[in-house]
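I opened this notebook to record what I looked up in the structure. The entries follow the order of my reading.

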Amino acid sequence: MIRDVTTETRPLRADAERNRKRLLDAAAEVFAEHGLEASTAEIARRAGVGQGTVFRRFPTKDDLVAAIVVDRLHEFTDTARGLLAHPPAEGAVLAFMAELASMHVRDRGLIEAVNGTRALADAAVHDAHGALMDILEELVKTDREAGLVREDLGAFDVMALSKAVASACEPGIATAGWKRYLAVVAAGLQPSDEKLPGKAPTRAQLDRLLAELSAESPSSSEA
């Protein structure tokens with residue numbers, strides 16, 4: 001069972017939080033470059049800390065990967081909250097999709113490394129993902145009421161389409177290329193009397209799918 005060391009019961013001191021952030025950023029870079037087989041020694045060297053510091057904070061690689069994922073989900077959630085508080089003229093949903101697609105292109109290597117790992121079943125990851133989906137539902141509702149998006153658009157649709165836009169840009173293609181695909185998707189988001197086929201997955205279905213994928217994947221080796 002993955003130990004949930006991705007959150008603290010007490011707020012971290014400012015210097016401790018900076019060190020934690022530096023360690024997570026270094027680990028994300030190393031995993032993106034070398035996969036989860038990368039050594040703890042390299043992560044510690046990149047972060048400028050000793051290996052003992054890594055093990056004290058994150059006893060296993062699953063713990064470390066889970067913390068990175070939670071960090072990214074919080075980043076997405078903060079972006080969504082900002083857009084909800086100050087929605088741009090084109091709508092909060094489209095602006096969020098642009099931000100999310102950009103982040104996915106930036107983190108392509110990291111996402112490929114951690115996708116399907118057992119760390120995704122961590123309780124903190126589950127909670128962070130749930131918080132993001134909750135705020136996305138609010139974004140979609142706000143844009144629906146403003147007549148900016150179709151009535152049958154759901155929060156999962158927004159996440160899936162954003163990932164699809166980012167995935168359409170193969171390595172070597174200009175990073176800005178995803179904006180072309182986002183414009184195509186944006187046209188499909190416009191209000192329409194024609195209903196989309198099927199329904200977006202429910203939260204319960206997504207939770208079950210994530211649990212199944214994580215259970216089928218081997219655990220990361222010890223950090």
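**Entry 1: T77.** I began with T77, which lies in helix 4 (residues 61–85); helices here are DSSP runs of H or I with at least four residues, strands are runs of E with at least two, and both are numbered from the N terminus. The model is a predicted one, in which local features need pLDDT of at least 70 and side-chain atom pairs count only at pLDDT 80 or more, while totals for chains, interfaces and linings use all residues. Residues are numbered from 1 along each chain as its sequence is written, and side-chain values use heavy atoms, with hydrogens and water left out.

I then listed what T77 touches beyond its neighbours within four places in sequence, and found A128, A131, L132 and I135. Contact here means heavy atoms within 4.5 Å.

**Entry 2: the chain as a whole.** I noted 10 helices and 0 strands in the protein chain. From the N terminus on, the elements run α-α-α-α-α-α-α-α-α-α. Of the 223 residues, 41% are buried. Among contacts with a separation of 6 or more, 78% are between residues 24 or more positions apart.

**Entry 3: helix 7.** I checked the length of helix 7, residues 123–145. Its 23 residues should span 33 Å at 1.5 Å a residue, and its end C-alpha atoms are 33 Å apart, so the two values agree; the expected span is 1.5 Å times one less than the number of residues. Which residues of helix 7 are buried? I recorded A124, V125, A128, G130, L132, M133, I135, L136, L139, V140 and D143.

I next examined both ends of helix 7. After helix 7 comes G147, with a positive phi near 75 degrees.

**Entry 4: helix 5 against helix 7.** Two packed helices are described by the angle between their axes and the distance between the axes. I found that the axes of helix 5 (residues 92–106) and helix 7 come within 8 Å and cross at roughly 140 degrees. Axes are lines fitted to C-alpha atoms, for helices over the stretch in contact, and angles run from 0 to 180 degrees between N-to-C directions. Helix 5 and helix 7 are therefore oblique to each other; angles under 35 degrees count as roughly parallel, over 145 as roughly antiparallel, 65 to 115 as roughly perpendicular, and the rest as oblique.

The contact involves A92, V93, L94 and F96 from helix 5, and L132, L136, L139, V140 and D143 from helix 7. I sorted the residues of this contact into 8 nonpolar, no polar and 1 charged. Ala, Val, Leu, Ile, Met, Phe, Trp, Tyr, Cys and Pro count as nonpolar, Asp, Glu, Lys and Arg as charged, and the others, Gly among them, as polar.

**Entry 5: G91.** I placed G91 in the loop between helix 4 and helix 5. At 1% relative accessibility, G91 counts as buried. Not counting residues up to four places away in sequence, G91 touches D143 and L148. G91 and R144 are 53 residues apart in sequence, with 9.6 Å between their C-alpha atoms.

**Entry 6: L206.** I located L206 in helix 10 (residues 203–216), where its relative accessibility of 13% makes it buried. Leaving aside neighbours within four places in sequence, L206 is in contact with M133, F156 and P201. The C-alpha atoms of L206 and F156 are separated by 9.0 Å, although these residues stand 50 residues apart along the chain.

How values were computed
Buried means under 20% relative accessible area, exposed over 50%, partly exposed in between (1.4 Å probe, protein chains only).
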